[in-house]
Amino acid sequence: MKLIKTEEAEGCVLCHDITQIIPGVTKDAVFRKGHVVKAEDIPTLLSVGKENLYVWENQEGMLHENEAAEILRQVCQGSFMEASEPKEGKIELTAQINGLLKVSRDKLESLNAMGEIVIASRHGDFPVKKGDKIAGMRVVPLVIEEKKMGRAQAACEGETIFDILPFICRRAGIVTTGNEVYYGRIEDKFTPVVEEKLGEFGIEAIGHTVCSDDPEMVEKAIQEWLAKDVDMVVCTGGMSVDPDDRTPLAIRNVSDQVITYGAPVLPGAMFMLAYAKGIPVVGLPGCVMYAKRTVFDLVLPRLAAGERLACEDFTSLGEGGLCLSCPVCTYPNCGFGK
């Protein structure tokens, strides 16, 4: 850094905060370290007693932290998000819509591993709401090698690290199974829970069919809903290994591909997902009816965003897949599913 007269500081980068004190009103930095001095800033600097300033000398091949943050914004900012102006070398991304946050974890780790680059975000594969903060990014030093920022850009291969997928699933049919409900022995308390959860993502349950434990009846009900152009079919009840629970058989019979029957998540181990002509058919275990949060809460946002899930999407849920059933549920601000 070098010492220069304030009147000559236009375009220079401050090396330290400049504090303004107005008795009884404020004592705060009027300009922060890293600020690029503009012509209109000079009278203010003089008014706070700064006749001289320490500034960074411009060096060829080096970028100011705000310039570096802008490069990080370019490689981070995907669809449906907006960026803040650089402040103290940092840029933040905010969601413009309700949707599912996707994170390219390999690229995120690759850039953070370069050193002097910091990108912090919320967890991917979780829903976000309009106005939610998505990520923040900056470089650690006040100036950084231009070549390093070029390597960061190259590492992303023209793709962004973050993206938001809008929720596109709109219509669902519900199939309620079980002799105890079909014959009126107990009240169906499962369907209202499912309708509420679907509604969190703008999905309308356009109706539901009540079936006995006869797999052929369940199979027919699923096929009827598929024929009504729904985006999802949700089956409740009959998902355990008891001999009377035949819903998994019905789901298998109507599906082109079974992704999983069972998930390393508690509650929710007996969860099932299959696809019939591209439409997800979901089998929900009984825990969804009474537990505050289950595997369904981890999977539903991704289905609502139109993602086609694979087996590995479930096997990776084991770490973090244990809900602690806290007396006061703070999900998703907890470790469940992370």
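**Ground rules.** I worked on a predicted model, where local features need pLDDT of at least 70, side-chain atom pairs count only at pLDDT 80 or more, and totals for chains, interfaces and linings use all residues. Residues are numbered from 1 along each chain as its sequence is written, and side-chain values use heavy atoms, with hydrogens and water left out.

**Overall build.** I found 11 helices and 20 strands in the protein chain; these are DSSP runs numbered from the N terminus, helices being H or I of at least four residues and strands E of at least two. The C-alpha atoms fill a box of roughly 90 × 50 × 35 Å along the principal axes. Of the 338 residues, 43% count as buried (under 20% relative accessible area, with a 1.4 Å probe and protein chains only).

**Sheet.** I looked up an open sheet of four strands, which runs β7-β8-β12-β10 with antiparallel pairing. Two strands pair if DSSP finds at least two bridges between them. I then followed β10 to β12 (residues 133-139) and found five bridges joining the two. In β12, G136 is the bridge partner of A120.

**Largest pocket.** A pocket here is an open set of points on a 1 Å grid over the protein atoms alone, where a 1.4 Å probe fits, with protein on both sides within 12 Å along at least five of seven lines; lining residues have an atom within 4 Å of a point. The largest holds about 550 Å³, a volume being the space filled by probe spheres set on the points, which are joined across faces, edges and corners. I listed 19 lining residues, with P127, V128, K129, D132 and P332 closest to the centre. β11 (127-128) and α10 (295-304) each supply at least two residues of this lining.

**Second largest pocket.** I have about 450 Å³ for this one. Of its 21 lining residues, R105, G124, D125, L317 and G337 are the closest to its centre. α10 gives the most to this lining, with three residues.

Conventions. Buried means under 20% relative accessible area, exposed over 50%, partly exposed in between (1.4 Å probe, protein chains only).
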